[in-house]
Amino acid sequence: MGMRSSSLTRIGTHGGAAEDPVLFERLLRPKRSLGPIGFWLVIGVVGVTSLFNGVLFLMLGAWPVFGFYGVDALLLFVLMRSNLRRAGRSWESLRLTAGRLVIEHGDHRGVSHRIELQPYWLRVDVDRSEVGQNRVTLTSHGQRFAIGGFLAPSDRAHLARDLSAALDRLRGGA
């Protein structure tokens, strides 16, 4: 099942003598719609436009406006760069073996969290409460864990379907 985006990546099957073989594994990363070239293109267009408009207002005698055009371009640069850096560092990893599902989350600050769940009691739910949106939650022993929150709705649906199918195979249902 190929994904159109690179935000959902199949890692592969690992196996070792001391460890159960991996039945399902995904590395989830936020989709980056704007690469480095696009970033500099947007900043360049905004910068040139701001400079042109600022000079125009300067020539008309409205000299205080000139500075504001530079400030908004600089603020856009800082905010976009910060957003691109944060989004690039977030990730989630899912690894299903016969004995456990390991979920690891990493945020933009480099802090990671690890959750281990027993797969036989695990239920995958897709909450479609908002139109056009869905939320994938894993429920086990009364606890709920959301996964793939930064993925596109179609990618979350694919993730839920693939994980549910892997759990069904593990339990002998497929």
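Biologist: Which residues does Ile147 touch, not counting residues up to four places away in sequence?

Modeller: First, this is a predicted model, where local features need pLDDT of at least 70, side-chain atom pairs count only at pLDDT 80 or more, and totals for chains, interfaces and linings use all residues. Residues are numbered from 1 along each chain as its sequence is written, and side-chain values use heavy atoms, leaving out hydrogens and water. Contact means heavy atoms within 4.5 Å. By that rule, Ile147 touches Glu92, Leu94, Ile103, Val136, Leu138, Leu159 and Leu163.

Biologist: Which residue stands opposite Ile147 in S8?

Modeller: Strands are DSSP runs of E with at least two residues, and helices are H or I runs of at least four, numbered from the N terminus. Two strands pair if DSSP finds at least two bridges between them; S7 (residues 135–140) and S8 (residues 143–147) have 5, in the antiparallel sense. Opposite Ile147 stands Val136.

Biologist: Is Leu58 buried, partly exposed or exposed?

Modeller: Leu58 lies in helix H1. Exposed means over 50% relative accessible area, and partly exposed lies between that and the buried limit. At 41%, Leu58 therefore counts as partly exposed.

Definitions and conventions: Buried < 20%, exposed > 50% of the residue type's maximum accessible area, 1.4 Å probe, protein only.
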